[in-house]
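Here are my notes on the model you sent over.

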Amino acid sequence: MMITMLLSFSLTYLWSQEESIPQIGVEAPSFTAQSTNGKIHFPSDFGKNWKIIFSHPKDFTPVCSSEMLELAYQQESFEELGAKLIIVSTDILAQHESWKAALEEIHYKDRDPVKIKFPLVEDNNLEISELYGMIHSTENIKQNIRGVYFINPENEIRALFFYPNQVGRNIDELKRTLIALQSNYKSAETVTPANWQPGDDVVIPTLSKLDKENLGNADSDFYQLSWFMTYKKSK
Ligand code: BEZ
């Protein structure tokens, strides 16, 4: 009886460990792993950049391949935004190397082939996958879910997305989220409303007494749609 209870407790504990997903605001777990760009130490190799960890189920699959090709196409713009891309899957390094080489030959959407500069990280022992809650065992116990983790220069997780195997991610939405996070990082008093795009007006959850008194004046930077919806003009 006692042994059964202990066994059941241990299995439940192990199961919850495997499935735990780090929360927004926590420190992003550190790891060291082999990648197509050599050994990487996360986060120390990435300095004060933003980091986007992008997990995917399997190399040489069509949806994952399309995601890699779109990321490669937009890699310079992530670089310009000060963000480093890191791709993780449970496949082995040799598989990553040959998939990367094959992707670099493809004329995707009639574009010229693109060299992939970001690292494809090997996580065959599931170490990173477990640290980041990338295995959702109802989908697959050995493959990663499509996960995205946005990590700020202080190494805090600021946003996470999960998509199922059946739906490829929107790389423009990743970039929009990164820019929105960076906007709030630079100016903590402003946040971004639904469907916000760079250059749009932002939201101010609380106004100073002076700015409140100034509302309605032509020179005010702020306007209200209701007493509970205040916007700041982007100019
Ligand atoms: C894909 O990337 O095409 C894929 C990966 C895992 C399951 C189904 C599709």
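Predicted model: local features only at pLDDT ≥ 70, side-chain atom pairs only at ≥ 80, totals over all residues.

The points below go from the overall picture to the ligand, the salt bridges, the surface and the backbone.

1. **Ground rules.** Residues are numbered from 1 along each chain as its sequence is written, and side-chain values use heavy atoms, with hydrogens and water left out.

2. **Overall picture.** The protein has seven helices and ten strands; these are DSSP runs numbered from the N terminus, helices being H or I with at least four residues and strands E with at least two. Along the principal axes, the C-alpha atoms fill a box of roughly 65 × 60 × 35 Å. Of the 235 residues, 43% count as buried. Here, buried means under 20% relative accessible area, exposed over 50%, and partly exposed in between, using a 1.4 Å probe and protein chains only.

3. **Who surrounds the ligand?** The shell is made of P57, T61, P62, V63, C64, R146 and N165, where a residue is near if one of its heavy atoms lies within 4 Å of the molecule. Helix α2 (residues 62-73) gives the largest share, three residues. By type, the shell divides into four nonpolar residues, two polar and one charged. For the record, Ala, Val, Leu, Ile, Met, Phe, Trp, Tyr, Cys and Pro count as nonpolar, Asp, Glu, Lys and Arg as charged, and the others, Gly among them, as polar.

4. From the side chains, an N or O atom of R146 is 3.1 Å from a ligand oxygen. The ligand taken alone exposes 270 Å², and the protein buries 75% of that; accessible areas come from the Shrake-Rupley method with a 1.4 Å probe, and for residues only the protein chains shown count as cover.

5. **Salt bridges across the sequence.** How many salt bridges does the structure hold? There are eleven, each defined as a side-chain nitrogen of Lys or Arg within 4 Å of a carboxyl oxygen of Asp or Glu. One of them joins the side chains of E154 and K48 at 3.5 Å, N to O. E154 sits in the loop between β6 (146-151) and β7 (157-163) and K48 in the loop between β2 (38-42) and β3 (50-55), so this pair ties together parts that are 106 residues apart in sequence. E154 is partly exposed at 41% relative accessibility, while K48 is exposed at 61%.

6. D91 and K58 meet in a salt bridge at 3.3 Å, N to O. D91 is in the loop between β4 (83-89) and α4 (93-103) and K58 in the loop between β3 and α2, 33 residues apart. D91 is buried, at 8% relative accessibility, whereas K58 is partly exposed at 30%. K209 and E213 also pair, at 3.4 Å, N to O. Those two are separated by about one helical turn, because they are four residues apart in helix α7 (residues 209-214).

7. **Nonpolar surface.** L225, W227, F228 and M229 form a nonpolar surface patch with about 520 Å² of accessible area together. Patches take residues with over 30% relative accessible area and no salt bridge, joining like charges within 9 Å and nonpolar side chains (Val, Leu, Ile, Met, Phe, Trp, Tyr) within 5 Å. F228 is in the loop between β9 (222-226) and β10 (229-232) and is exposed, at 55% relative accessible area. For contrast, W50 in strand β3 is buried at 6%.

8. Most residues other than glycine have a negative phi, and most peptide bonds are trans. The bond from F42 to P43 is cis, with omega near 5 degrees; P43 lies in the loop between β2 and β3. F60 has a positive phi of about 55 degrees although it is not a glycine, and its place is in the loop between β3 and α2. D110 has phi near 65 degrees and lies in the loop between α4 and β5 (120-122). D110 is exposed at 78%, and F60 is partly exposed at 44%.

Conventions:
Polar contact = N/O pair within 3.5 Å; in protein donor to acceptor, adjacent residues only side chain to side chain.
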